[in-house]
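This report looks at pockets and at one residue in a loop. The structure is shown first.

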Amino acid sequence: MSAGKHLGKGSVHPALPDDGVPRLYSMRFCPFAERAHLALNAKKVPHHTIYVNLIEKPEWLVDVSPLLKVPALHLVGEKEQPSLIESLIIVEYLDEKYPENPLLPKDPLKRAQDKILVERFNALTGAFMKIALQGGDGADFWPALDIFENELGKRGTPYFSGEKPGFADYMIWPWLERLPVAEYFLKERYNFDKQRYAKISAWLELIVKDEVVQSHYATPEQHLAYWRSREAGKINYDLLA
């Protein structure tokens, strides 16, 4: 269940069923929140989604996210009803709490290696935000992407997680879904070479068709409309509502 539009300052917390299922506080165009959506959907965990305006945050957000961040997962079925924040912490919790459809490998070494790979992806997320928010030229974006092109080659599988998508794929995907945003800001400096990134290109063609990815997918046009609204100083969070 989703509360629909993004709720902001002065809003009333939506009335939700007292059914004990987790409540995810999110923003529809946030790539970090997208990680939590993908994990919940991959694991088929019933949940409610409450979308939040991150510019004019609702006063009640502090009750479920003390740092006023999304994603936040409110565990209303647990004792004292705690909340979790930070996308990777939420995803790892879900993977352990709900063992069906595991996202992380069972093998301890492979598990550690996938976590390290996602940690290394921080260089690319930082480079993306520089492009989108600070007028960066993308000089550090492409070398960061090279790491993942090479890693797919080493693994010799269509996905980072093997023959089907898993933790590493779903944690990386939200930013590569936004490649058209990087192209929009970089213009002629955009340099996604399909020969240089042959394996990533093949991965992109596969993962965009994945059922879990499609469950929380926004088209390039929708992402660009959101970022144009940011540029104009009138953020439209509800493009998909």
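The model is predicted, so local features need pLDDT of at least 70 and side-chain atom pairs count only at pLDDT 80 or more, while totals for chains, interfaces and linings use all residues. Residues are numbered from 1 along each chain as its sequence is written, and side-chain values use heavy atoms, with hydrogens and water left out.

A pocket is an open set of points on a 1 Å grid over the protein atoms alone, where a 1.4 Å probe fits, with protein on both sides within 12 Å along at least five of seven lines; lining residues have an atom within 4 Å of a point. A volume is the space filled by probe spheres set on the points, which are joined across faces, edges and corners.

| Pocket | Volume |
|---|---|
| Largest pocket | about 360 Å³ |
| Second largest pocket | about 260 Å³ |

Of the 18 residues lining the largest pocket, Pro105, Lys110, Asp114, Ser161 and Gly162 lie nearest its centre. The largest share of this lining, three residues, comes from α3; helices are DSSP runs (H or I, at least four residues) numbered from the N terminus. The lining has six nonpolar, five polar and seven charged residues.

The lining of the second largest pocket has 14 nonpolar, no polar and two charged residues. α1 (31-42), α4 (122-134) and α10 (220-231) each supply at least two of its lining residues.

Arg178 sits in the loop between α6 (167-176) and α7 (179-186). Arg178 is buried, at a relative accessible area of 1%; buried means under 20% (1.4 Å probe, protein chains only).

Key. Buried means under 20% relative accessible area, exposed over 50%, partly exposed in between (1.4 Å probe, protein chains only). Ala, Val, Leu, Ile, Met, Phe, Trp, Tyr, Cys and Pro count as nonpolar, Asp, Glu, Lys and Arg as charged, and the others, Gly among them, as polar.
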